[in-house]
Amino acid sequence: MVPMPRKLIIYIGFALPFILILSLIIIAPYLMSSGYTFYSFIIYSAFSSVCHQLPERSFFLFGQKLAVCARCTGMYSGFAIATILFPILRGIDYRKIPSPWFLIISIIPIAIDGGIQLITEYESNNVLRFATGFIFGFIVIFYLLPTYNQILYSIQDKSNRLTE
């Protein structure tokens, strides 16, 4: 049995990076608009390796585009919100991975919206891009966090057995 403070530390180790990433996405335009261009450049550059950052496909805050496009903003928001809500919905140390069908279903809206844009002249809007990204980002945490818990708790169990 893992004591509650240790469970909380394990959970925070998972949650903190997702919250930090979402914070950086929002902080970048603030830094840019406040004249801290060097720091905002570092953030925008870091995210440029995972996102196209097209202005017409991005939300703006403080008169500047966010560090990622609307769809990526939705995914990162989904990651962060699901991570925060996970302990309430499933428990802090939940380890059961859902059926892969939920993950497959969660990617269908992105595939439809992005796919239609690719093969037709249809142009999606940023709210729809955000929503499709959010759905996927929210659902994927219900696979990642239980997997993370399985790995860390099995390591901890093995370590406890060795010290007994």
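Mentor: First, a definition: a salt bridge is a side-chain nitrogen of Lys or Arg within 4 Å of a carboxyl oxygen of Asp or Glu. Please keep in mind that this is a predicted model, where local features need pLDDT of at least 70, side-chain atom pairs count only at pLDDT 80 or more, and totals for chains, interfaces and linings use all residues. Residues are numbered from 1 along each chain as its sequence is written, and side-chain values use heavy atoms, with hydrogens and water left out.

Trainee: What makes Arg57, Glu123 and Arg129 a network of salt bridges?
Mentor: Glu123 and Arg57 meet through their side chains at 3.4 Å, N to O. Glu123 also forms a salt bridge with Arg129, and there the closest N and O atoms are 2.7 Å apart. Both distances are within 4 Å, and Glu123 is the partner of Arg57 and of Arg129, so the three residues are linked in a network.

Trainee: Which parts does the pair of Glu123 and Arg57 tie together?
Mentor: Glu123 lies in the loop between α4 and α5, and Arg57 in the loop between α2 and β1 (60–61), so parts 66 residues apart in sequence are tied together. Helices here are DSSP runs (H or I, at least four residues), as are strands (E, at least two), numbered from the N terminus.

Trainee: Why is Arg129 called buried, while Glu123 is called partly exposed?
Mentor: Buried means under 20% relative accessible area, exposed over 50%, and partly exposed in between (1.4 Å probe, protein chains only). Arg129 has 3%, so it counts as buried. Glu123 has 48% and Arg57 has 23%, so each of these two is partly exposed.

Trainee: How many salt bridges are there in the whole structure?
Mentor: A search finds four. One of them joins Lys7 and Asp93 at 3.0 Å, N to O. Lys7 is in helix α1 and Asp93 in the loop between α3 and α4, so this pair ties together parts 86 residues apart in sequence. Lys7 is buried, at 10% relative accessible area, and Asp93 is partly exposed, at 23%.

Trainee: Now for the rings. Why is the pair of Phe18 and Phe79 called edge-to-face?
Mentor: Rings of Phe, Tyr and Trp (its six-membered ring) pair if their centres lie within 6.5 Å; planes under 30 degrees apart count as stacked, over 60 as edge-to-face and the rest as tilted. Phe18 and Phe79 are 5.5 Å apart, centre to centre, with 65° between the planes, so they pass both tests. Phe18 lies in helix α1 (residues 4–33) and Phe79 in helix α3 (residues 70–89), so the pair ties together parts 61 residues apart in sequence. Both Phe18 and Phe79 are buried.

Trainee: And what makes the pair of Phe130 and Phe134 stacked?
Mentor: Their centres are 6.1 Å apart and their planes are at 25°, so the pair is stacked. Phe130 and Phe134 are four residues apart in helix α5 (residues 126–163), about one helical turn. Phe130 is partly exposed at 26%, as is Phe134 at 23%.

Trainee: How do you know that the charged end of Arg90 sits over the ring of Tyr94?
Mentor: The label requires NZ of Lys or CZ of Arg within 6 Å of the ring centre and within 35 degrees of the ring normal. The charged end of Arg90 is 5.6 Å from the centre of the Tyr94 ring. Tyr94 also belongs to an aromatic cluster, with Phe130 and Phe134 among the other members.
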